[in-house]
Amino acid sequence: MKLNLVASFGLLCGLAAPALAQKSVPVTSEPHHHLVYKSNRLRVFRVEVPAHSATLIHEHVVDYFWIAVGSSEFVNAAVGKPEAPVVAADGSIHYTKGGFSHLARVDGAVPFRNVTLELPLAQTHVRNLCEVVLAGEPTDCPSAMRTAAMTYSGGTAFPAFETDQVRVTRLTAGPDEAIEISKSEKPPTIVVVDNIDGTVHMACGKTPDAPTVTLHAKSGDTFPGKAGEHCLLHNAGKAPVRFLAVEFR
């Protein structure tokens, strides 16, 4: 019995050793993170970790947030900390302070998909709006919804969180619904959450007769707004589609 226990312990150590010995890589070098957009204020990654697999240990130098694309369960293994199981509901938004390395491991049969958005500039005073991105802190949903209604009409606007530098809102357009985005000198950047294959039409311009573009976009594809332009997102499909609107202060 004692020999069997020793052998089993040795096997476990042998399996764990490669992960513990692995050097951390930049998030841009982690093969499950696909960089799809980059600016001085935002970097967007399309992420998919297949079932029964794990990412490499990778660095998150700056603050970031992510939205779950489909429900999933995974293990967050941050360097120097105990492993933590995470259950992410479809469409849930999560905010994380930077300055650490970790890996995400999927032990079950459902892949972990998300869109990760890095904020290269320092963020201050993170606040819950309608989503609890800071555990134990209050939300301010009614006020946030009134503010969102000044910019977004039609569909469903769900203000998630804000900092002194950014405000993030999840937008959902149901079948044959349109979302109208008011013109602004600091327009939001629109990030696609769900894959779109010709079912959404976008019209942005300074006049009501702005040209319409049919979107053939993947999760994570990003469309920066232009100052002074009014935008309309019309979902002509039979399933709801979601976007993130990222407003920079």
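This is a dialogue about how to read some features of a predicted model.

Colleague: How many helices and strands does the protein have?

Modeller: There are 2 helices and 22 strands in this predicted model. Along the principal axes, the C-alpha atoms fill a box of roughly 80 × 35 × 30 Å.

Colleague: What share of the 249 residues counts as buried?

Modeller: The share is 43%.

Colleague: How do I read the contacts along the chain? Among contacts between residues at least 6 apart in sequence, what percentage joins residues at least 24 apart?

Modeller: In this protein the figure is 73%.

Colleague: Where is Tyr152 found, and which residues does Tyr152 touch?

Modeller: Tyr152 belongs to strand E13, residues 152-153. Leaving aside residues up to four places away in sequence, Tyr152 touches Ala157, Thr169, Leu171, Glu180, Ile181, Pro188, Ala245 and Glu247.

Colleague: Why does Tyr152 count as buried?

Modeller: Buried means under 20% relative accessible area. Tyr152 has a relative accessible area of 5%, so Tyr152 is buried.

Colleague: Now the rings. How many aromatic pairs does a search of the whole structure find?

Modeller: The search finds 6 aromatic pairs. One of them joins Trp66 and Phe112, with 5.4 Å centre to centre and 80° between the planes. Planes over 60 degrees apart count as edge-to-face, and the pair of Trp66 and Phe112 is edge-to-face.

Colleague: Which strands does this pair link?

Modeller: Trp66 is in strand E6 (residues 64-68) and Phe112 is in strand E11 (residues 112-118). The two residues are 46 residues apart, and the pair links distant parts of the chain. Both Trp66 and Phe112 are buried.

Colleague: What are the distance and angle for the pair of Tyr95 and Phe161?

Modeller: Tyr95 and Phe161 have 5.2 Å centre to centre and 65° between the planes, which is an edge-to-face pair. This pair also links distant parts of the chain: Tyr95 lies in strand E9 (residues 93-96), Phe161 lies in strand E14 (residues 156-162), and they are 66 residues apart. Tyr95 and Phe161 are buried. Ring pairs also bring in Phe65, which forms a cluster with Tyr95 and Phe161.

Colleague: Which charged residue sits over the ring of Phe158?

Modeller: Arg170 does, with its charged end 4.4 Å from the centre of the Phe158 ring.

Colleague: And charges across the protein: how many side chains are positive and how many negative?

Modeller: There are 22 positive and 24 negative side chains, and the centres of the two sets lie 5 Å apart.

Colleague: How should I read a positive phi?

Modeller: Most residues other than glycine have a negative phi. In this model, His52 has a phi near 55°, and Asp176 has a phi near 60°.

Colleague: Where are His52 and Asp176 found?

Modeller: His52 is in the loop between strand E3 (43-49) and strand E4 (53-54). Asp176 is in the loop between strand E15 (166-173) and strand E16 (178-181).

Colleague: Are these two residues buried or exposed?

Modeller: Exposed means over 50% relative accessible area. His52 is exposed because its relative accessible area is 58%. Asp176 is exposed as well, with a relative accessible area of 60%.

Key: Residues are numbered from 1 along each chain as its sequence is written. This is a predicted model: local features need pLDDT of at least 70, side-chain atom pairs count only at pLDDT 80 or more; totals for chains, interfaces and linings use all residues. Side-chain values use heavy atoms; hydrogens and water are left out. Rings of Phe, Tyr and Trp (its six-membered ring) pair if their centres lie within 6.5 Å; planes under 30 degrees apart count as stacked, over 60 as edge-to-face and the rest as tilted. Helices (H or I, at least four residues) and strands (E, at least two) are DSSP runs, numbered from the N terminus. Buried means under 20% relative accessible area, exposed over 50%, partly exposed in between (1.4 Å probe, protein chains only). A charge sits over a ring if NZ of Lys or CZ of Arg is within 6 Å of the ring centre and within 35 degrees of the ring normal. Contact means heavy atoms within 4.5 Å. Lys and Arg count as positive and Asp and Glu as negative; His and the chain ends are not counted. The place of a charge is taken as NZ of Lys, CZ of Arg, CG of Asp or CD of Glu.
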